Amino acid sequence: MAEKKTVLVRVKRQTGPKERPYWEEFELTWRPHMNVIICLRDIAERPVTRDGKGTAPVVYESNCLEEVCGSCAMLVNGKARMACSALVDQLSQPIRLEPMSKFPVVRDLAVDRSVMFENLKRMRAWVPIDGTYNLGGGPRMSPDLQQKAYPLARCITCGACLEVCPQVNENNSFVGAAIISQVRLFNMHPTGAMHARERLEAIMGPGGVADCANAQNCVKICPKQIPLTESIAEVNRQAIKQGLLGWLIG
Amino acid sequence: MREPKIIVVGGGLAGLMATIRVAEAGVPVELFSIVPVKRSHSVCAQGGINAAKNTKGEGDSTAQHFDDTVYGGDFLANQPPVKAMCEAAPGIIDLLDRMGVMFNRTAEGLLDYRRFGGTLYHRTAFAGATTGQQILYALDEQVRRFEAEGQVRKYEGWTFLSAVIDGAGVSRGICAMDLKTMEVRTFPADAAIFCTGGIGAIFGRSTNSVVCTGSAQSALFQQGVDYANGEFIQVHPTAIPGEDKLRLMSESARGEGGRIWVPKRPGDPRPPLEIPPEERFYLLEEWYPKYGNLVPRDIATRAIHRAIFEMKLGIGGEPAVYLDLTEIPREVLDRKLEGILEIYEKFLGVDPHQQPMKVFPGMHYTMGGIWVDNANQATNVPGIYAAGECEYQYHGANRLGANSLVSCIFGGMVAGPAAVRYARELQKGCESVDSSVFEGERKRQEEINGALLLQDGSESPIALWKEMGAWMTEHVTVTRYNKDLERADAKLQELLERYRRINLSDRAKWSNQTLNFARELYNMLILARVIALGALARNESRGAHYKPEFPERDDKNWLKTTRAHWEDGCIRLSYEPVDTSLIPPRARRYGAAS
């Protein structure tokens, strides 16, 4: 009889933000089309380590499970990616699962990424409208502009681009590529562009676009293939132009 | 004048829209969400949002949209609110356009519209195949703007446990739990608007996100908030089956020309592209020549079930049919459907530009939900409002594709100001309520947690959940038999009994997801019974509710809304008439070939 195929998973665990991390290994039954989420659910259903020790289910964030909500980002075999689209058959074993390292750990694989939402607030990443009452349609937009803006609008705020950026570290408040790309998006929209200056002022401040050191890791890791380095270059250009203008006008 | 206090629970489209409307009225809002609101399930909506803008010279109108929606819902929806929604839809699209939603454009720079199910018009505005995500983000950004102004305070990572209801039966706030610290706390409010979304988890696997458990709706139901038309569950015809979730393949794939087919020869082993056109059975096109692949979802789903289970025509004998986009030019696919093609390719490793996709119907949406009045989105408990998928009023017995986004936003637009009006007119605000009312509710919820953490039984919450999901999917979805519905309800009661012996494998007091899941599971079991009992009682077939033993719609006996009420721990069903004052009911055939 053929031996039952199994999946080996090693999980870096941590019971709380200040606790010491430790590893646990699990041996699961292989099934076709397994992803990392299914592995974590198998562990939750039977939380017993490979050496037979009872343990608690692994804590992790997840929601849509189709790579569009951004919840389940973690390190899978050392690479920042969404757990839902990490297919077991494409991963080498044992599969190592760790929390992303650039965000505070809440518990196990769950981290606190609220800094990204705070930075969106700081950068005024929205199109200001006068109100929700009926004021007719929005500005006309060429299909070309829409095709350029739409990919930027697909950012799922997963944090993978921050995870791989050497400039995001304890000594630096760099906002990271995702946020800069959102500044570009809102500066691109005809109404948003009317308020480009305030966004550029914010992104020229501490932790802003000038802190990018051009490692270009972000664009390679982005699960949505957003042209992040293009966004950074473009926002940089806009910022320099605005800086010069400010200097000329004095 | 005193400042009213409003709470919104749920940060998907309906919740964010309600929040914006309340904040815009100058009233502060506390917004609660299990996940950061930007990660809400609305991101999963793919195909688009309906509004009769008539930009293609087809003579479309809001009256036609209204008629399509009522007919699509098999005449079970009260008509005046549906009419109001369809009339508001074009203005909603304008608003979203002004907020910067990156809708696809025509050469002239106007919004583009595509076909969708249950209509013959190009009525669906879209942003690629991630329309829900794009609209959610736009509303999220507007709420963030109000947050920056101090008008909105978010409680992300909190879950709703119960309403705080005073001795007079008036809601005075909510009790919620911080999922990180596990702190249980009450929050006074004059009115609370619930926008807590779908219930997919009750069916185990569905197209819904993890947080769509219906737990909040069920908790409210157990506190006296009525639940209507629970038996109407939409099964989407085209999903990719997966062990963790059924991933949706949007109706827009067919709106753009995708075709459903199976090999004519049962069990044909050839790869799809080697099967010549004359040996393929395009079931929807043959059975419904007028609407073809764009019949409403309930009809498409039953047709696929018939082809697979009665005619044994599933691909290679398996439960699957082809959704074929290979005839559509690559440029069109990339511009209009990229988001879903990417999902298929990532999860199955097959490129749908080149190979037909294999799909099967999957539980997708609940037409039923919290009972609300027609004008204000108000429930039967004063101070509690509901909007979005969690309430029942816009889709009757079957929802048309791309109507959900518009109903969420419209519901939020109505609920926000209605809650503000109610709060302003209150004689006594929540601050005048005795603190013991809040303290009592908090204690009751903490005791539930305490008991669960101490419990030492043999049942696993995940195993119970899987069993519930399997039973609900098998007996309470596409085809329903009374004998099976009775068995399903007996099973649910058995699971409720076994629930008393569950054992939490995590007893930590920090970020304990197992505890939260156990609480949700109990609520899911109760709501599952509401669905099964509603289905058992309704001896007819209407929209998504299909009983082979009662194959016809029965307007004489069943043109009525099911209203479930919780009474002394029992589920009691009553019925109320449907307002069909605007469009007289007619037979629903979608031009079926006889």
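Visitor: Which residues in H13(B) meet which residues in H14(B)?

Guide: In this predicted model, local features need pLDDT of at least 70 and side-chain atom pairs count only at pLDDT 80 or more, while totals for chains, interfaces and linings use all residues. Residues are numbered from 1 along each chain as its sequence is written, with chains lettered from A and ligands numbered from 1 in the order in which they are written. On the H13(B) side are Leu464(B), Glu467(B), Met468(B), Trp471(B), Met472(B) and His475(B); they meet residues of H14(B) including Leu485(B), Ala488(B), Leu492(B) and Tyr499(B). Contact requires C-beta atoms, placed from the backbone, within 7 Å. Helices are DSSP runs (H or I, at least four residues), numbered from the N terminus.

Visitor: At what angle do the axes of H13 and H14 of chain B cross?

Guide: Two packed helices are described by the angle between their axes and the distance between the axes. Here the axes of H13 (residues 461-475) and H14 (residues 482-499) of chain B come within 10 Å and cross at roughly 170°. Axes are lines fitted to C-alpha atoms, for helices over the stretch in contact, and angles run from 0 to 180 degrees between N-to-C directions. H13(B) is therefore roughly antiparallel to H14(B), a term for angles over 145 degrees.

Visitor: Is Met17(B) buried or exposed?

Guide: Met17(B), in helix H1 of chain B, is buried because 30 other C-beta atoms lie within 10 Å; the cut-off for buried is 20 or more within 10 Å. Met17(B) touches Leu139(B), Ile409(B), Gly412(B) and Met413(B), not counting residues up to four places away in sequence.

Methods: Helices (H or I, at least four residues) and strands (E, at least two) are DSSP runs, numbered from the N terminus. Angles under 35 degrees count as roughly parallel, over 145 as roughly antiparallel, 65 to 115 as roughly perpendicular and the rest as oblique. Two residues are in contact if their C-beta atoms, placed from the backbone, lie within 7 Å. A residue is buried if 20 or more other C-beta atoms lie within 10 Å of its own, exposed if 12 or fewer, and partly exposed in between; C-beta atoms are placed from the backbone.
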